[in-house]
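Me: Hi! I have a protein structure open and would like to learn how to read it. Could you walk me through a feature or two?

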Amino acid sequence: MSTVTVRTREATQDDVLAIVELWDELRVQGGRVGPFGPPASAVAIQERLESLRTDPAHRVIVAEIDDDVVGLAVLSRLPVTPISDVESVQISFMHVRDDRRRRGVGRAIVSAATE
């Protein structure tokens, strides 16, 4: 079995089409939003990605294998409880492409979240 190198980085506007594909795959599989979640729009994702990129409480992370975007997660820095000043990082809408699972992509995204 060959070793796979997974690289994580903050998403850019160049990743919009890959994010659309990942969202659609997650939506069809019935993830958090269920199978009836809204289809992805490249324009809407582009606008939302830009909004998240300028918000210091959020990061959008993509994972790559051989320069191919294979995973996605939105990270949010939020208080542990509504009455606490202690913050935590929460991962939402994490998804790894079906054909790239079991290769350490999810582990790499969680590692990026802890940094």
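**Reading a pocket and a helix pair**

Reply: Happy to! Keep in mind that this is a predicted model. Let's begin with the lining of the largest pocket: H2 gives the most to it, with 5 residues.

Me: Which residues lie nearest the centre of the largest pocket?

Reply: Look for Trp-23, Ile-45, Arg-48, Leu-52 and Val-74, out of 18 lining residues. At least two lining residues come from each of helix H1 (16-28), helix H2 (42-53), strand S2 (58-65), strand S3 (68-79) and strand S4 (87-96).

Me: How many residues of that lining are nonpolar, polar or charged?

Reply: The lining has 13 nonpolar residues, 4 polar and 1 charged.

Me: Now the helices. At what angle do H1 and H2 pack?

Reply: Their angle is about 110 degrees, and their axes are 9 Å apart. Angles of 65 to 115 degrees count as roughly perpendicular, so H1 and H2 are roughly perpendicular to each other. The crossing of H1 past H2 is right-handed.

Me: Which residues make the contact?

Reply: H1 brings Val-16, Leu-17, Ile-19 and Val-20, while H2 brings Ala-42, Ile-45, Gln-46 and Leu-49. Of these contact residues, 7 are nonpolar and 1 is polar, with no charged ones.

Key
Residues are numbered from 1 along each chain as its sequence is written. This is a predicted model: local features need pLDDT of at least 70, side-chain atom pairs count only at pLDDT 80 or more; totals for chains, interfaces and linings use all residues. Side-chain values use heavy atoms; hydrogens and water are left out. On a 1 Å grid over the protein atoms alone, a cavity is a set of points where a 1.4 Å probe fits but cannot get out, and a pocket is an open set with protein on both sides within 12 Å along at least five of seven lines; lining residues have an atom within 4 Å of a point. Helices (H or I, at least four residues) and strands (E, at least two) are DSSP runs, numbered from the N terminus. Ala, Val, Leu, Ile, Met, Phe, Trp, Tyr, Cys and Pro count as nonpolar, Asp, Glu, Lys and Arg as charged, and the others, Gly among them, as polar. Axes are lines fitted to C-alpha atoms, for helices over the stretch in contact, and angles run from 0 to 180 degrees between N-to-C directions. Angles under 35 degrees count as roughly parallel, over 145 as roughly antiparallel, 65 to 115 as roughly perpendicular and the rest as oblique. A crossing is left-handed if the near helix is turned anticlockwise from the far one by less than a right angle, and right-handed if clockwise. Contact means heavy atoms within 4.5 Å.
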